[in-house]
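Please consider the structure shown below together with its sequence.

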Amino acid sequence: MKKAFYLAPVFVAMLGLVGCDKQEEKTTIEFMHSWVEQDRQMVVASLIKKFEAAHPEITVKQVPVEEDAYNTKVITLASSGKLPEVLEVSHDYAKVMDKDHLIDREAVGQVISDVGADNYQEGILRIVRTEDGTSYTGSPINAWMQGIWYSKQALAQQGIAEPKNWQELSHAAQTLNNPANKKFGIALPTAESVMSEQVFSQFALSNGANVFNADGGITLDTPQMREALSFYQQLAKSSMPGSNDVMEIRDAFMNGTVPMAFYSTYMLPSIYAEGKAADLGFVLPSQKSSVVYGNVVSLTISSGLEEAEKSAAKEFVEFIEQPENAAELVLMSPGALLPAIKSVAKVEAYQNNEVVKTFAPLLTELSGEFKNLQAFGSVGDKNFTSMGDVTSSGALAEMVNQATVDNKSVEELIPVAQKKIEGMMAKRQ
């Protein structure tokens with residue numbers, strides 16, 4: 001009894017220490033992103049520090065990965081069971097991840113519910129819907145979009161009004177085209193590249209043509225798609241000769257070779273640096289409807305997590321989606337990136353940024369275009385995951401390249417592309 005009497009307090013004390021250790025035990029999660037530049041890593045580090053101060057029970061480690069290696073890294077980590085809890089991901093690749101069951105739909109849905117669907121820009125959640133339309137692949141944080149940038153002065157000198165539809169765009173491009181002096185009417189992507197597919201998609205979708213129908217059938221070979229490709233082929237005759245891609249288009253617009261160019265909002269920082277903001281115009285010529293292509297960047301939560309990690313991941317994503325914090329990520333590339341959260345525009349740091357102030361009316365206009373955001377493979381509230389396979393196959397980019405650079409017959413190209421995509425889809429089933 002005496003021995004037991006003296007051992008009891010020691011045992012109790014030991015239990016107390018164990019209890020303290022458990023109370024102080026932290027949950028560690030990883031945040032993988034493609035913002036590898038040092039200044040951007042510092043922004044992420046600052047946000048993590050602020051989050052950890054508010055959530056001392058959670059530790060967040062950032063995992064920066066080069067953009068070119070990002071998708072491969074996701075596959076490698078997923079196959080080894082080491083996928084980070086939170087990932088920055090484009091809406092296109094998020095569909096691939098969802099197809100491979102790498103996304104916790106329930107956790108992502110809870111985040112969006114907690115943030116509030118009405119707090120996102122109108123139309124942006126539609127792009128991150130799952131294929132069945134019941135959930136989301138990520139919580140949008142920012143986006144870029146593309147359209148036609150033009151020199152107001154160049155058009156005015158020729159008495160050309162801002163082109164509002166295909167016919168006016170074609171007229172403007174032909175009027176401004178002067179190949180004898182190495183000046184062209186418009187810079188249009190014609191290379192066998194993803195950008196060519198993206199830009200062509202705006203014309204096709206504006207004309208009511210899509211790669212899939214609501215039932216998931218391939219609908220490339222339609223009169224609407226033929227009309228869109230024929231127009232694109234004709235418009236390319238007023239562009240620079242050869243296969244042109246991202247750099248050629250940007251350089252042609254910046255050096256004055258063309259007064260109009262298809263490009264993303266990543267054009268804005270360069271325009272600002274050159275002091276040409278006052279001369280810049282933006283337009284989305286429509287046919288049957290107005291369509292804008294954009295890339296939505298989301299934060300997503302990986303599947304198969306323990307409850308503690310899942311809870312910590314949700315807390316972290318919701319923290320980043322707070323307006324002041326989301327603004328810090330958007331301001332890593334002001335003007336180029338547009339906020340997915342409406343109230344970011346009211347954040348003082350965002351409003352006072354020099355690039356944002358310079359383009360304030362334009363950025364407001366662009367944010368209003370999120371409602372017209374569309375993409376091949378998105379039909380209503382469905383986003384077909386197989387669209388990623390279609391893009392990876394290069395069938396559409398090849399079709400555009402052969403129509404514009406090789407000047408092949410649209411009537412021949414579209415049925416070939418349709419059969420190629422159908423064959424690829426059949427092999428994957």
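Predicted model: local features only at pLDDT ≥ 70, side-chain atom pairs only at ≥ 80, totals over all residues.

Residues are numbered from 1 along each chain as its sequence is written, and side-chain values use heavy atoms, with hydrogens and water left out.

Q: How many cavities of 30 Å³ or more are counted?
A: Rolling a probe the size of a water molecule over the atoms shows where empty space is left. On a 1 Å grid over the protein atoms alone, a cavity is a set of points where a 1.4 Å probe fits but cannot get out, whereas a pocket is an open set with protein on both sides within 12 Å along at least five of seven lines. Grid points are joined across faces, edges and corners, and a volume is the space filled by probe spheres set on the points. By this rule the count is one cavity.

Q: Which helix gives the largest share of the lining of the largest cavity?
A: Lining residues have an atom within 4 Å of a point, and for this cavity of about 50 Å³ they are Trp166, Gln202, Phe203, Ser206, Phe262, Leu284, Pro285 and Val291. Helices (H or I, at least four residues) and strands (E, at least two) are DSSP runs, numbered from the N terminus. The largest share, three residues, comes from helix α9 (residues 194-206).

Q: How many charged residues are in the lining of the largest cavity?
A: Ala, Val, Leu, Ile, Met, Phe, Trp, Tyr, Cys and Pro count as nonpolar, Asp, Glu, Lys and Arg as charged, and the others, Gly among them, as polar. The lining holds six nonpolar residues and two polar ones, and the number of charged residues is none.

Q: What is the division of the lining of the largest pocket into nonpolar, polar and charged residues?
A: The largest pocket holds about 1,500 Å³ of space. It is lined by 45 residues, of which Glu67, Ser90, Trp144, Gln198 and Asn295 are the closest to its centre. The lining divides into 18 nonpolar, 14 polar and 13 charged.

Q: Which elements give two or more residues to the lining of the second largest pocket?
A: The second largest pocket has a volume of about 350 Å³. Among its 19 lining residues, Ser151, Ala154, Gly256, Val258 and Pro259 are the closest to the centre. The elements asked for are β4, α7 (152-157) and α11 (246-254).

Q: Why is strand β7 described as largely enclosed by the rest of the structure?
A: Buried means under 20% relative accessible area, exposed over 50%, and partly exposed in between (1.4 Å probe, protein chains only). On one side of β7, Tyr293, Asn295, Val297, Leu299 and Ile301 are buried, and on the other so are Gly294, Val296, Ser298 and Thr300. The strand is largely enclosed because its buried residues number nine of the nine.

Q: Which residue of β7 is the bridge partner of glutamate 88?
A: Two strands pair if DSSP finds at least two bridges between them. The partner of glutamate 88 in β7 is leucine 299.

Q: Which helices do the buried residues of α10 pack against?
A: Helix α10 (residues 223-235) has 13 residues, and those that are buried are Met225, Arg226, Ala228, Leu229, Phe231, Tyr232, Gln233 and Leu235. Contact means heavy atoms within 4.5 Å. These buried residues pack against α8 (166-176), α9, α19 (395-404) and α20 (410-428).

Q: Is glutamine 418 buried or exposed?
A: Glutamine 418 is found in helix α20. Leaving aside neighbours within four places in sequence, glutamine 418 is in contact with Ile218, Thr219, Leu220 and Asp221. With a relative accessibility of 10%, glutamine 418 counts as buried.

Q: Is lysine 419 buried or exposed?
A: Lysine 419 lies in helix α20. Its relative accessible area is 62%, and lysine 419 is therefore exposed.

Q: What is the phi of histidine 101?
A: Histidine 101 is found in the loop between α4 and α5 (105-115), and at 65% relative accessibility this residue counts as exposed. Although histidine 101 is not a glycine, its phi is positive, at about 60°.

Methods: Expected span 1.5 Å × (residues − 1).
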